[in-house]
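Hi everyone, thanks for having me. Please get the picture up on your screens, and we'll take a walk through it together.

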Amino acid sequence: MSTTDAGFLAALDEAKQGYSEGGVPIGACLVSRHGKILGRGHNMRVQNSSATLHAEISALENAGRLPASAYEGATMYTTLSPCDMCTGACILYKVKRVVLGENNTFVGGEEYLKSRGIEVINVKSPECEALMTKFINEKPGDWNEDIGEPSA
């Protein structure tokens, strides 16, 4: 796994699109065990006034209704360590691997994913970290809301 994988590049493109729309710059891409992109998306909480439309949920939503076998063994690429909600979605759909861009700005459910037998790979992308750091500095209230923390 590297920052040149098609799934990772799609997730990063989604994160950049989310930022350009004024939203939280997190992107995700779900890739089947056969290497086909099933769905991709970005955090749309700000844009859609949504309580739950995180990037991983958006990627699953954009994959559409698929048989359980389509998700099983898939890889979820995400630009940031997945929160508890997105961790749960990966477990529910039996994703085999989660590849994250970075976890310096936020650590989510990585240990829980591992405890459930899901491989977690952190590619430690400086670009992902810089994008998140910039957003957190610019919009700390939106960031705190996104991770369920009270605003300062």
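I'll start with the sheet, then move to the helices, and finish with a few single residues.

First, some housekeeping. This is a predicted model, so to speak: local features need pLDDT of at least 70, side-chain atom pairs count only at pLDDT 80 or more, and totals for chains, interfaces and linings use all residues. Residues are numbered from 1 along each chain as its sequence is written, and side-chain values use heavy atoms, with hydrogens and water left out.

Let's look at the sheet. It is an open sheet of 5 strands in the order S2-S1-S3-S4-S5, with mixed pairing. When I say strand, I mean a DSSP run of E with at least two residues, and a helix is a run of H or I with at least four, both numbered from the N terminus. Two strands pair if DSSP finds at least two bridges between them. Which strands stand at the edges? They are S2 and S5; each has a single partner strand, so one side of each is left without a neighbour in the sheet. From one strand to the next, the twist averages 15°.

Now zoom in on strand S1, residues 27-31. Is it buried or exposed? Here 5 of the 5 residues are buried, so S1 is largely enclosed by the rest of the structure. Buried means under 20% relative accessible area, exposed means over 50%, and partly exposed is in between, using a 1.4 Å probe and protein chains only. Gly27, Cys29 and Val31 point one way from S1, while Ala28 and Leu30 point the other way.

S1 has neighbours on both sides. With strand S2, residues 37-42, S1 runs antiparallel and is joined by 5 bridges. S1 and S2 form a hairpin with 5 residues between them, and glycine 35 in the turn has a positive phi of about 90°. With S3, S1 is again antiparallel, this time over 4 bridges.

Valine 99 stands opposite isoleucine 121 in S5.

On to the helices. H3 lies across S1, S2 and S3, running at about 135° to S2. The axes of H3 (residues 55-63) and H5 (residues 84-92) come within 8 Å and cross at roughly 35°. Those axes are lines fitted to C-alpha atoms, for helices over the stretch in contact, and angles run from 0 to 180 degrees between N-to-C directions. Glu56, Ile57 and Leu60 of H3 meet Met85, Cys86 and Ala89 of H5, where contact means heavy atoms within 4.5 Å.

Also in helix H5 is threonine 87. Threonine 87 is buried, with a relative accessible area of 2%. Not counting residues up to four places away in sequence, threonine 87 touches Pro82, Gly109, Tyr112 and Leu113.

Last stop, the cysteines. How many disulfides does the structure hold? The number is 0, where a disulfide is a pair of cysteine sulfur atoms within 2.5 Å. For cysteine 29, the nearest cysteine sulfur, that of cysteine 90, is 12 Å away. The sulfur of cysteine 86 is 3.7 Å from the closest cysteine sulfur, in cysteine 83, which is too far for a bond. Cysteine 86 counts as buried, at 0% relative accessibility.
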